[in-house]
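Subject: Structure handover

Hello,

The structure you asked for follows. My notes on it are below.

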Amino acid sequence: MAKLTAEERQRRAVRRARREALAAEEEDRRLEERRQLWAREGTRLSRAELEAGEPCRGCGEPIRDGRGDSPALLHMTSAEREEHDREEARYRGRHGDCRSYRWTLEGSRTQHCGYCCPPPPMSERQVEKLSALLVSIKTENRDLDDWDLTLTCDHVVRCTQHRDHDHYSRRVVDCPTCATRRGVVEVERVGPTDDPEGRVQRERLLSELQAAKAKLERQRRTVEKTQRRIDELSEKLRAAES
Ligand SMILES: [Zn+2]
Ligand SMILES: [Zn+2]
Ligand SMILES: [Zn+2]
């Protein structure tokens, strides 16, 4: 097969990125439709209903089944293993095409499907823990980077993300122009959201400079090594000729 030119490779990569963004957008739509269906039909249980032992309105199976957490695969007796395999097969039969995660309530074994079964409502304790966490991770503007995202509709939107991330993580975002969710085809880091003194910019340049210097040093050592090899071989050749 003929080798691809750099230009052809580039074109293929762009096509692939677009295809993946459209797929992510489609998946986002599938899940959003499901959430709307749950809202319309009142599929979600309240915490009180859950505590009272109501079965899942998505699949009809119990949520709080009183069977305790499932033992680890390695520690199962053969009877437990058989039961596990039977339930696994039954689960696959019911949710094999759902393309989703599974969830189980702590202290129960019955598995539920992320696509068919609305996740259980949080307990008060969980809500408290989560709010405490959200307060503690309140992000300062100076820790954010701006990113330009090109979407499947070709609109470009600017979003922010914490500087700890090297890649933009969300696959689907809101497009204000189209007023709908769109897949992200291409991302470009613009720079710090808020960096009036240019501190972040300087730090980034400094670390890039250090990386480039280290690379040069490695290349210099390779050149020296090659030069020594050339000298050695020339020396041997001269000796052989004389
Ligand atoms: Zn369920
Ligand atoms: Zn399912
Ligand atoms: Zn758009």
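Leaving aside residues up to four places away in sequence, Asp-148 touches Val-156, Val-157, Arg-158, Glu-186, Val-187, Glu-188 and Val-190, where contact means heavy atoms within 4.5 Å. This is a predicted model: local features need pLDDT of at least 70, side-chain atom pairs count only at pLDDT 80 or more, and totals for chains, interfaces and linings use all residues. Residues are numbered from 1 along each chain as its sequence is written, chains are lettered from A and ligands numbered from 1 in the order in which they are written, and side-chain values use heavy atoms, with hydrogens and water left out.

With the side chain of Arg-158, the Asp-148 side chain makes a polar contact at 2.9 Å (a pair of N or O atoms within 3.5 Å; within protein, one must be able to donate a hydrogen and the other to accept it, and residues adjacent in sequence count only if both atoms are side-chain atoms). Asp-148 sits in strand β3, residues 144–151 (strands are DSSP runs of E, at least two residues, and helices runs of H or I, at least four, numbered from the N terminus). Asp-148 counts as buried because its relative accessibility is 19% (buried means under 20% relative accessible area, with a 1.4 Å probe and protein chains only).

The zinc ion (ligand 1) is coordinated by Cys-56 (SG), Cys-59 (SG), His-112 (ND1) and Cys-117 (SG), at 2.1 to 2.3 Å (donors are N, O and S atoms within 2.8 Å of the metal, or 3.2 Å for Na, K and Ca; water is not among the atoms, so sites may look incomplete). Along the chain, the donors of this ion are spaced C-x2-C-x52-H-x4-C. His-112 is buried, at a relative accessible area of 0%.

Regards

Definitions and conventions: Buried < 20%, exposed > 50% of the residue type's maximum accessible area, 1.4 Å probe, protein only.
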